[in-house]
Amino acid sequence: MKPLLNISSIHTWTGKKNKPIIISGPCSAENETQVMSTAKAIAAIDSSVIFRAGIWKPRTRPNSFEGVGTIGLKWLQKVKQETGMKVTTEVANAKHVEECLQSGVDIVWIGARTTVSPFAVQEIADALKGVDIPVMIKNPVNPDLQLWIGAIERIYQAGVTKLAAIHRGFHSYGNSPFRNEPNWEIAVGLRLAYPSLPIICDPSHICGNTELIPYISQKALDMEMDGLMIETHIMPGIAKSDAKQQLTPVQLKELLSKLVVREMISQNKEFIDQLTQLRTHINNADDEILQVLMKRMQIVREIGQYKKDNNVTILQATRWEEILNTRISNGQMMGLSEELIRKLYHLIHDESIRIQTEIMNK
Ligand code: PEP
Ligand code: MN
């Protein structure tokens with residue numbers, strides 16, 4: 001596999017010198033007036049924003065609004081001419097790519113429902129061969145880092161070097177405050193696999209509502225992401241798709257004015273010295289955690305052997321319940337969150353059972 005060594009800096013294709021890169025516009029292009037009025041309102045806030053609008057919309061159920069199709073490309077051309085903003089839209093097959101190239105779309109993106117399909121991604125990659133258009137690849141709907149990486153590699157192998165990933169969250173079944181779980185560790189995994197690959201966060205599709213967008217946007221910047229893709233609609237209330245999560249231009253302006261862009265590394269010597277010292281304390285604390293865990297697992301082994309010798313079952317539900325409850329209340333008294341203790345003790349308990357099962361079956 002060819003590693004992604006030649007990725008162009010995001011600044012070479014966005015024309016913007018500083019972070020964060022902002023991409024904004026409606027979920028879907030609906031009609032010329034809606035596209036133009038949204039674009040003009042965004043350009044009035046900051047004309048270095050890249051304008052987004054979906055033209056071909058992958059919808060979960062048939063008979064819902066599936067986008068305006070080719071005619072929307074004309075409106076994107078008009079946005080470019082009248083506002084000077086760069087424009088981007090989603091492509092899901094070779095025909096979409098060809099039409100975008102013909103009508104001067106500046107950047108294309110591959111949507112979450114397309115990234116899951118290697119055949120579809122390969123078809124897009126083949127259509128992009130020999131073309132120097134920037135491509136952004138959204139994470140697949142399911143939490144699978146390798147599938148995301150695979151899609152990025154397919155596009156890279158077609159010769160595209162102007163690449164970025166878009167983190168838009170992952171489907172999860174059950175209760176969550178988010179429409180798509182952020183699973184930040186997957187985005188961090190991508191950063192570790194390909195440090196030079198820019199990652200843009202899409203808080204709109206993570207949140208699914210407007211309330212949580214400022215929080216997720218700031219968090220993304222604090223996680224060293226390179227930019228944000230945020231859905232904005234001139235009248236979100238009547239949007240034909242994703243109505244609940246689109247900001248008004250006024251809300252976008254407020255959000256952008258409140259974002260804090262922190263420096264990745266401060267050059268201040270006093271700061272660096274202080275940070276180094278604090279990190280030494282963290283390293284020491286981590287060593288202590290590992291030693292205590294080792295000690296605990298040794299005792300677990302001894303108990304496992306004792307249970308085996310006396311023919312007693314591994315799982316003792318009342319004991320486990322008592323452990324969890326006391327640890328949670330002790331932890332809370334020490335200022336630790338219930339969630340942390342609960343997750344931690346489930347991991348510790350699973351590992352203890354695994355170790356004792358091994359001993360029992362020896
Ligand atoms: C979109 O950007 O409007 C879209 C359809 O997003 P996703 O592919 O992330 O669901
Ligand atoms: Mn959308």
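1. Three helices each supply at least two residues to the lining of the largest pocket in this predicted model: α12 (269-309), α13 (317-333) and α14 (338-361). The biggest contribution is from α14, which gives six residues, the most to that lining.

2. The largest pocket holds about 440 Å³ of space. Its lining is made up of 18 residues, and the closest to the centre are Arg296, Val300, Ile303, Arg319 and Ile323. Sorted by class, the lining of the largest pocket has ten nonpolar, four polar and four charged residues.

3. The second largest pocket holds about 240 Å³ of space. Here, too, 18 residues form the lining; Pro58, Arg113, Arg179, His205 and Asp242 lie nearest the centre of this pocket. The class counts for the second largest pocket are four nonpolar, four polar and ten charged residues.

4. The manganese ion (ligand 2) is coordinated by Cys27 through SG, His205 through NE2, Glu231 through OE and Asp242 through OD, at 2.1 to 2.4 Å. Along the chain, the donors of this manganese ion follow the spacing C-x177-H-x25-E-x10-D.

5. Which parts of the chain does the pair His205 and Glu231 tie together? His205 lies in helix α9 (residues 203-207) and Glu231 in strand β8 (residues 227-231), so the pair joins parts that are 26 residues apart in sequence.

6. Are His205 and Glu231 buried or exposed? Both residues are buried.

Conventions. Residues numbered from 1 in each chain as written. Chains lettered and ligands numbered in written order. Predicted model: local features only at pLDDT ≥ 70, side-chain atom pairs only at ≥ 80, totals over all residues. Heavy atoms only, no water. Donors = N, O, S within 2.8 Å, 3.2 Å for Na, K, Ca; no water. Helix = DSSP H or I, 4+ residues; strand = E, 2+ residues; numbered from the N terminus. Buried < 20%, exposed > 50% of the residue type's maximum accessible area, 1.4 Å probe, protein only. 1 Å grid on protein atoms, 1.4 Å probe; cavity = no way out; pocket = protein on both sides within 12 Å on 5 of 7 lines; lining within 4 Å. Points joined across faces, edges and corners; volume = space filled by probe spheres on them. Nonpolar A, V, L, I, M, F, W, Y, C, P; charged D, E, K, R; others polar.
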